[in-house]
Amino acid sequence: MNTNTGSKPSLAYSSFRRLAVSLATALLLTGCTTDSPSMLDPQGPAATRIAELWWIIFGLATVIYIAVMAFLAIALFRRRRAQSEEQPLAQNGTRLIVLAGIVGPAIVLIVIFALSIRIMAALTIPANADAVTVRVTGHQWWWEVAYPDEAVLTANEIHIPVGQPVLVHLDAADVVHNFWIPELHGKMDMIPGQTNTFWIQADRAGEYRGECAEFCGTQHGKMAFIVVAEPAEQYATWLAQQRQPAPKPVIAQTQYGQQVFLGSACVYCHAVGGTNATGKVGPDLTHLASRLTLGAGTVENNLGNLGGWVVNPHYIKPGNLMPAVNMPGDDLQALLAYLQTLE
Ligand code: CUA
């Protein structure tokens, strides 16, 4: 066969270039571990074990890639010499193919499989019988968060005591969602009619962003939540505050704002503890002002964003299920002032 000798160096060159690009990508990946949230920046025991497994697989894959590229380089140079000297090809090629192409990959896959099973088993062991229990229900496109033992109901924010295992029950109200806090644990499906359970634990106090990791409709990309891991005392204070009904409005504007709220369509979807508003379609608003974000992690919770959200929620989060609210300016100001008292 007539081979174009000019193309051989370029093939070898492109192989080495690909190797260099892969190594550079690996270095970049390592550099990214400081960005939050990343599963390569574990902050709890489960995420640590998952990240360890990831690095083992990454290391094995790198070694194998370099070995394959080395064999390829050897083959390129050998073939040229064999042709020029017109020697027959080596007969022990079959043994090499069986060892490096079948036995080797089988051993690597068995090792990865065994490590995965071991870590999966370790992650399902209940760490503590009387741990904090949280029930999270996925909705299009927000998270209902209940503490069944504490009579606390909130949304899009999960407070946990730092250093303690937290049992999380997961289910869904409409379609399949997926609960993922990259720095604390792997992903877990939320399936309507089925409760999945797992354990999370944060070793350091802080805020950890969680995401929906299963496509669930137009606003899947804006279905986030925040896990706030705090010292036990601060967590107890938060629980005690969340258990309270909504504070009564004390000044004329906020009292009028409450009337506007209770007289509007808001009450068909939202509840405020201690009032006649008991809607269950959207997030409970009893302690709305205490939360960090609006629209399930979409925007920061401040007066400007709250006003924008009430007047035109579809500008901030197109396709979400809340209708825009039309009302006179004074009513809107009073309503916003009232909502901001819901600490
Ligand atoms: Cu919920 Cu994606």
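The model is a predicted one. Within the pairing, Ala-146 stands opposite Leu-153 in S3. Strand S2 (residues 142-147) is mostly covered, with five of its six residues buried.

On its other pairing, S2 runs antiparallel to strand S1 (residues 132-139), to which five bridges join S2. Here Val-136 stands opposite Val-145 in S2. S1 and S2 also form a hairpin, with two residues between them.

**The sheet containing S1, S2 and S3**

These strands belong to an open sheet of five strands with the order S3-S2-S1-S5-S8 and mixed pairing. S3 and strand S8 (196-200) stand at the edges and have a single partner strand each, so one side of each is left without a neighbour in the sheet. From one strand to the next, the twist averages 25°. A parallel pairing joins S1 and strand S5 (residues 166-172) over seven bridges, and in this pairing Val-134 stands opposite Val-168 in S5. Helix H4 (residues 232-243) packs on the sheet and touches S1, S2 and S3; the direction of H4 makes about 95° with that of S3.

| Strand pair | Sense | Bridges | Residues opposite each other |
|---|---|---|---|
| S1 and S2 | antiparallel | five bridges | Val-136 and Val-145 |
| S1 and S5 | parallel | seven bridges | Val-134 and Val-168 |
| S6 and S9 | antiparallel | two bridges | Phe-179 and Cys-212 |

**The sheet containing S6 and S9**

Another open sheet of five strands, also with mixed pairing, has the order S4-S10-S9-S6-S7. Its edges are taken by strand S4 (157-161) and strand S7 (188-190); each has a single partner strand, so one side of each is left without a neighbour in the sheet. The twist in this sheet averages 25° from one strand to the next. Within the sheet, strand S6 (residues 177-180) and strand S9 (residues 206-212) pair in the antiparallel sense over two bridges. Phe-179 stands opposite Cys-212 in S9.

**The buried side of helix H7**

Which residues of helix H7 (residues 303-311) are buried? They are Leu-306, Gly-307, Trp-309 and Val-310. These residues lie on the same side of H7, because they cover an arc of only 160° around the axis. An α-helix has 3.6 residues a turn, so residues three or four places apart point the same way. The elements that cover the buried residues of H7 include strand S11 (293-294), helix H8 (313-316) and helix H9 (329-339).

Ala-46 lies in helix H2 (residues 45-85). Is Ala-46 buried or exposed? Its relative accessible area is 9%, which is under the 20% cut-off, so Ala-46 counts as buried. Leaving aside neighbours within four places in sequence, Ala-46 is in contact with Leu-123, Leu-184 and His-185. One of these, Leu-184, is 138 residues from Ala-46 along the chain, while the C-alpha atoms of the two residues are separated by 6.4 Å.

Conventions: Residues are numbered from 1 along each chain as its sequence is written. This is a predicted model: local features need pLDDT of at least 70, side-chain atom pairs count only at pLDDT 80 or more; totals for chains, interfaces and linings use all residues. Side-chain values use heavy atoms; hydrogens and water are left out. Two strands pair if DSSP finds at least two bridges between them. Helices (H or I, at least four residues) and strands (E, at least two) are DSSP runs, numbered from the N terminus. Axes are lines fitted to C-alpha atoms, for helices over the stretch in contact, and angles run from 0 to 180 degrees between N-to-C directions. Buried means under 20% relative accessible area, exposed over 50%, partly exposed in between (1.4 Å probe, protein chains only). The arc is that of the directions from the helix axis to the C-beta atoms. Contact means heavy atoms within 4.5 Å.
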